[in-house]
Every structure is written in structure tokens, then in C-alpha cells.
Amino acid sequence: MTRARSTLIDPGSTPYYHCVARCVRRAFLCGEDNLTGKSFEHRRQWVVDRLEMLVSIFAIEVCAYAVMSNHYHVVLHINSREVEGWSRDEILKRWTLLFAGPLLVQRYLSGHNLSSSQLRRVDEYTEEFRLRLKSISWFMRCLNEHLAREANQEDGCKGRFWEGRFKSQALLDEAALLTCMAYVDLNPIRATLSKTPEQSDFTSIQQRIDHLSKPNDRKQPLELKAFRHQGQNPDLALPYIFHDYLELVDWSGRAVRKDKKGSIPESAPPILTRLEIDPDEWLKTMSWNNRFYRAAGRLKAMKAYAMNTGQQWLQGLQACSRLFPSG
């Protein structure tokens with residue numbers, strides 16, 4: 001049964017969420033229409049460009065993404081600490097990059113003298129927009145509505161472009177976050193569209209790898225949430241070392257390729273051992289959507305999330321207990 005988004009996205013349980021949006025039948029986000037021969041490949045860049053633009057406005061960070069032919073995946077992080085530090089002017093300027101905003105806000109930003117009661121109303125708008133700027137629902141709305149308008153305009157048609165509202169999954173701990181990010185980055189390899197992570201076009205893993213070879217001082221793309229450096233505060237970055245993650249994705253990609261014959265390598269990357277993740281179950285979980293639904297994490301975290309969101313049961317409890325046996 002469909003549940004209200006407010007009951008599914010609970011920042012108190014976790015700031016990390018996996019979101020998926022899929023096109024309606026016969027609509028193309030990207031790819032090529034075999035019936036007409038028309039290519040929609042240029043639309044992949046639309047998704048990446050819009051993500052980069054929204055990240056510069058919202059207090060939401062992109063951890064991983066993959067743009068496929070009729071759907072896309074994003075793993076998002078809500079940066080509540082950042083948005084709480086933004087001033088009134090910062091909030092209003094960011095929001096009005098997306099929407100015109102109320103007339104009173106426009107007058108305030110234009111430098112008009114406002115009465116005390118009008119300023120109080122501006123402050124009310126500010127707090128409303130502050131909540132929206134850390135809302136995954138608003139982030140996804142600004143992404144999907146923009147893509148739908150662009151696609152419908154190019155196709156010369158009207159009507160629904162997405163099959164429905166986006167799907168979201170709560171990633172309740174470090175192990176679930178790692179598993180989902182790798183699943184997202186390996187989507188093109190699972191679909192036999194590429195053979196290696198660096199050849200996987202329009203994915204976060206390719207963007208991170210490409211960035212390593214650029215002659216500049218930034219070690220990771222500014223558009224993506226950074227991996228942790230030695231000694232860095234883990235609250236400011238993803239809780240893994242980038243080298244470990246690359247090794248894990250490379251190992252997993254070799255094992256899940258459909259054209260790869262032979263046995264699975266026994267030497268699983270040590271990051272799986274540190275996070276107490278079962279290697280065999282890990283590889284099974286690269287078929288992520290067949291194992292989890294609303295949330296993923298260790299068994300204790302899953303039960304706590306179900307209680308916090310008013311659910312008596314969650315799909316994937318058995319899969320989580322096998323994948324994360326220490327939970």
C-alpha cells in the first residue's frame with residue numbers, strides 16, 4: 001500500500017536515502033528507440049547537469065548516481081547541520097534561484113524597506129524554505145519536473161513522463177550505504193552496457209575516477225559527497241576511504257558481469273571484513289531491488305526504523321540478517 005512520503009523519509013533515523021525514478025512505458029529518459037531509431041542519449045547529460053545545479057542550492061548531497069535508459073538512481077545525503085547555519089538572506093537567495101517566491105520576498109531581496117510585521121512574515125517564509133531546502137521530496141520534485149518538461153518539449157507532447165512518484169529506500173547504517181552505493185555504481189555493468197567502472201558512462205564512479213586524472217588540487221569532485229580522508233571528521237564525508245571503495249567496486253564488477261565465466265574470486269576486499277558483510281551475500285545483493293523495499297540496514301536498525309515510521313514489518317529483514325550477520 002502506498003504510504004505518505006513523510007512516513008518513509010525520516011532524517012531522525014538516517015540522513016541517507018536511495019531514490020529511483022522510472023519513465024512510463026514507451027517514454028525514453030535516455031537510450032535509443034529501436035522502433036524509430038531516434039536517440040535520446042543526450043538526455044543523460046540533462047540529469048547530471050540538473051543534479052549538479054540542485055546540489056549547489058539544496059542542503060542535500062549526492063553520494064552516488066547512475067543514469068540508465070528509462071530510469072535513474074541517486075543516493076542522497078541530507079545535510080541538516082549545513083542548512084541550519086544558513087542566514088535569512090542565504091535561504092531566500094537559494095530558494096529564488098528555483099522559484100520566483102512570494103512578492104514580499106522579492107521586495108525584501110530588492111532592498112525595499114519593510115515594516116516589522118512584514119519582516120516577521122519574511123522570517124516565516126525563510127523557515128518554510130529552510131525545511132524545503134533539506135527535503136528530499138522537494139529535491140526530487142525539482143529534478144523530475146524539470147526533466148519531464150524538457151523531454152515533453154523536445155518530443156512535442158504533453159502528459160505524464162514518469163510512471164509515478166519516485167521510490168525511496170532508507171539506508172540505515174554504513175553497511176547498507178556502502179552496499180547501495182556499489183549497486184548503483186555497478187548498474188551499467190549488471191546491464192552489460194559496460195565492462196569496467198571507468199567505462200560506465202554517466203555514473204558517479206566514472207566521474208570520481210575521471211577526476212583523479214585531472215591536473216588540479218581537488219582530489220574529489222565538488223558535485224559529489226567526498227570520501228573520508230585519514231583523520232577527517234566522519235560527519236563531513238562518506239565513512240569510507242575512496243581507495244577501499246574503488247577496490248570493492250572493481251572486485252564486485254568482475255564478479256557480477258553476465259559475460260564473466262569462472263569462479264568468484266575468494267580474496268574479497270578487506271572493507272567487507274571490517275564492516276562484517278558476508279561476501280557471498282554481498283554479490284547476491286547486487287540485485288538490490290529484489291531484496292529490499294523501504295529500507296536496508298542491520299537487523300537492529302531495521303526494527304528501530306519500522307518502529308519510528310509506524311510499520312510493523314519491513315520487507316528484506318531476512319536478507320539483511322544474512323548480508324549483515326553481526327546485526
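**Briefing on a predicted protein model**

The backbone oxygen of Trp 86 lies 2.9 Å from a polar atom of the side chain of Arg 130. This is a predicted model, in which local features need pLDDT of at least 70 and side-chain atom pairs count only at pLDDT 80 or more, while totals for chains, interfaces and linings use all residues. Residues are numbered from 1 along each chain as its sequence is written, and side-chain values use heavy atoms, with hydrogens and water left out. The protein has 15 helices and five strands, where helices (H or I, at least four residues) and strands (E, at least two) are DSSP runs numbered from the N terminus.

**Overall make-up**

- Of the 327 residues of the protein, 49% count as buried, a term for under 20% relative accessible area, with exposed meaning over 50% and partly exposed in between (1.4 Å probe, protein chains only).
- Among the contacts in the protein with a separation of 6 or more, 67% come from residues 24 or more positions apart, contact being heavy atoms within 4.5 Å.
- The largest nonpolar core has 97 residues, and those with the most contacts inside it are Phe 58, Tyr 72, Ile 136, Phe 139, Met 140, Met 181 and Trp 282; such a core is a set of buried Ala, Val, Leu, Ile, Met, Phe, Trp, Tyr and Cys residues joined through side-chain atoms within 4.5 Å.
- Leaving aside neighbours within four places in sequence, Trp 282 is in contact with residues including Leu 178, Ala 182, Leu 248, Trp 251 and Leu 323.

- Arg 130 belongs to helix H6, which covers residues 116-132, and is buried, with a relative accessible area of 9%.
- The side chains of Arg 130 and Glu 127 are joined by a polar contact of 3.1 Å, that is, a pair of N or O atoms within 3.5 Å of which, within protein, one must be able to donate a hydrogen and the other to accept it, and residues adjacent in sequence count only if both atoms are side-chain atoms.
- Apart from neighbours within four places in sequence, Arg 130 is in contact with Val 83, Glu 84, Trp 86 and Ile 91.
- Glu 128 is also found in helix H6, but is partly exposed, with a relative accessible area of 33%.

**Strand S2 and Val 67**

- Val 67 lies in strand S2 (residues 60-67) and is buried, with a relative accessible area of 2%.
- Val 67 and Asp 185 are 118 residues apart along the chain, yet their C-alpha atoms are separated by 9.7 Å.

**Helix H11 and its two partners**

- The axes of helix H8 (residues 174-185) and helix H11 (residues 242-256) come within 10 Å and cross at roughly 55 degrees, which makes H8 oblique to H11. Axes are lines fitted to C-alpha atoms, for helices over the stretch in contact, and angles run from 0 to 180 degrees between N-to-C directions; those under 35 degrees count as roughly parallel, over 145 as roughly antiparallel, 65 to 115 as roughly perpendicular and the rest as oblique.
- At this crossing, Leu 178, Met 181, Ala 182 and Asp 185 in H8 meet Tyr 245, Leu 248 and Val 249 in H11.
- The axes of helix H10 (residues 204-212) and H11 come within 12 Å and cross at roughly 125 degrees, and these two helices are therefore oblique to each other.
- Ile 205, Arg 208, Ile 209 and Leu 212 in H10 meet Phe 242, Tyr 245, Leu 246 and Val 249 in H11.
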